[in-house]
Amino acid sequence: MDFFEVVHTQRAIRRFKPDPVSEEALWTMLDAAIRAPSGSNSQPWRWLVVRNRARREVISKAVRERFVTPDFLEQMRQMAEKAASPTERRMLLGAADFFRDVAAAPVLLIPCLYQISSPTDDPRGLLAGSSIYGAVQNLLLAGRALGIGTVLTTFHAGMEDMLRKEFHLPEDAVPTCVVAVGYPDSQRFGPTTRKPVDTVTYWDDWGVARRRV
Ligand SMILES: Cc1cc2nc3c(=O)[nH]c(=O)nc-3n(C[C@H](O)[C@H](O)[C@H](O)COP(=O)(O)O)c2cc1C
């Protein structure tokens, strides 16, 4: 598959078939992830792959308890009603459905910063993210190239203590997101909806835009 087709069609997949994702495919995705750059090539990561149904259910239950409250569902419904486009509306409703059972994804993958030292030794700031989110994007793109859907989520931020306890994360490991992985069900890959590149790009000085020819 052409690289640019992969980039243009990789999108958030939140509905998954129950079919398992092979270990070989997961190794291929992870091997693409670890090709990414990191500060001083320190590769400050560990990849926690959660496949076991009971282990995924631990996460799913925590998401339900934390997020799938009547208030949350009502807020999502109202946001969907006010959505700027049908695409955004579908996204909001899809996100609410997905949160009802994230364990419907056959794999939940938790990229963790581990013993980060470059470009910062503070694992919780923007600079720390720069040493892992490129790798996460590689993983998403590799999934797309293999026909495997993914969605990057940040719900872990509301349940880090639980993840730490249940999955025995050491102090110097910090989860950075949870990526749900599986074959798409009733949802297609992109093309994605994005603002045109020339509306979000400045040249040589802030505010100086150019039309793409
Ligand atoms: C930092 C970040 C956090 C996200 N958190 C969530 C999330 O918690 N739940 C979810 O369903 N999608 C989440 N997403 C997915 C975004 O909603 C999705 O990438 C965006 O809407 C674009 O979707 P598209 O690629 O299908 O067009 C997150 C994406 C990013 C980059």
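Modeller: Start with Arg14. One of its polar side-chain atoms lies 2.6 Å from an oxygen atom of the ligand. Keep in mind that this is a predicted model. Next comes Leu152, which uses its backbone. A polar backbone atom of Leu152 is 2.9 Å from a nitrogen atom of the ligand. Thr154 also uses its backbone. A backbone N or O atom of Thr154 lies 3.5 Å from an oxygen atom of the ligand. On its own, the ligand has 630 Å² of accessible area, and the protein covers 64% of that.

Which elements give two or more residues to the shell around the ligand? They are α5, residues 86-100, and β3, residues 149-153. The element that gives the most is α5, with 4 residues. In total, 13 residues surround the ligand. The closest are Arg11, Ala12, Arg14, Leu152 and Arg194. Sorted by class, the shell has 7 nonpolar residues, 3 polar and 3 charged.

Stay with α5 for a moment. Leu93 sits in this helix. Leu93 is partly exposed, because its relative accessible area is 34%, between the 20% and 50% limits.

Now go to the loop between α5 and β2, where β2 covers 107-114. Asp101 lies in this loop and Arg64 in helix α3, so their pair ties together parts that are 37 residues apart in sequence. The contact is a salt bridge, with the closest N and O atoms 4.0 Å apart. Both partners are partly exposed: Asp101 has 26% relative accessibility, and Arg64 has a relative accessible area of 29%. The pair also belongs to a wider group. Salt bridges with shared partners join Arg53, Glu57, Arg64 and Asp101 into one network.

Helix α3, residues 53-67, holds another pair, Glu65 and Lys61. These two are 4 residues apart, about one turn of the helix. They form a salt bridge with the closest N and O atoms 3.2 Å apart. Glu65 counts as exposed at 55% relative accessibility. Lys61 is partly exposed, with a relative accessible area of 46%.

Arg35 and Asp31 make one more salt bridge, at 2.6 Å from N to O. Arg35 is exposed, at 59% relative accessibility. Asp31 is partly exposed, at 38%. The count for the structure comes to 14 salt bridges. The general idea is simple: side chains of opposite charge can pair when their charged atoms come close.

Finally, check the backbone. Most residues other than glycine have a negative phi, and most peptide bonds are trans.

Two are peptide bonds. The bond from Ser118 to Pro119 is cis, with omega near 5°. Pro119 is in the loop between β2 and α6, the latter being residues 126-129. Gly190 and Pro191 are also joined by a cis peptide bond, with omega about 25°. Pro191 lies in the segment after β5, which covers 178-182.

The other two are phi angles. Asn41 is not a glycine, yet has a positive phi of about 50°. Find Asn41 in the loop between α2 (23-33) and β1 (45-50). It is exposed, with a relative accessible area of 52%. Asp204 has a phi near 70°, again a positive value in a residue other than glycine. Asp204 is in the segment after β5. At 86% relative accessibility, Asp204 is exposed.

Definitions and conventions:
Residues numbered from 1 in each chain as written. Predicted model: local features only at pLDDT ≥ 70, side-chain atom pairs only at ≥ 80, totals over all residues. Heavy atoms only, no water. Near = heavy atom within 4 Å. Polar contact = N/O pair within 3.5 Å; in protein donor to acceptor, adjacent residues only side chain to side chain. Areas by Shrake-Rupley, 256 points an atom, 1.4 Å probe, with all protein chains shown as cover. Nonpolar A, V, L, I, M, F, W, Y, C, P; charged D, E, K, R; others polar. Salt bridge = Lys/Arg side-chain N within 4 Å of Asp/Glu carboxyl O. Buried < 20%, exposed > 50% of the residue type's maximum accessible area, 1.4 Å probe, protein only.
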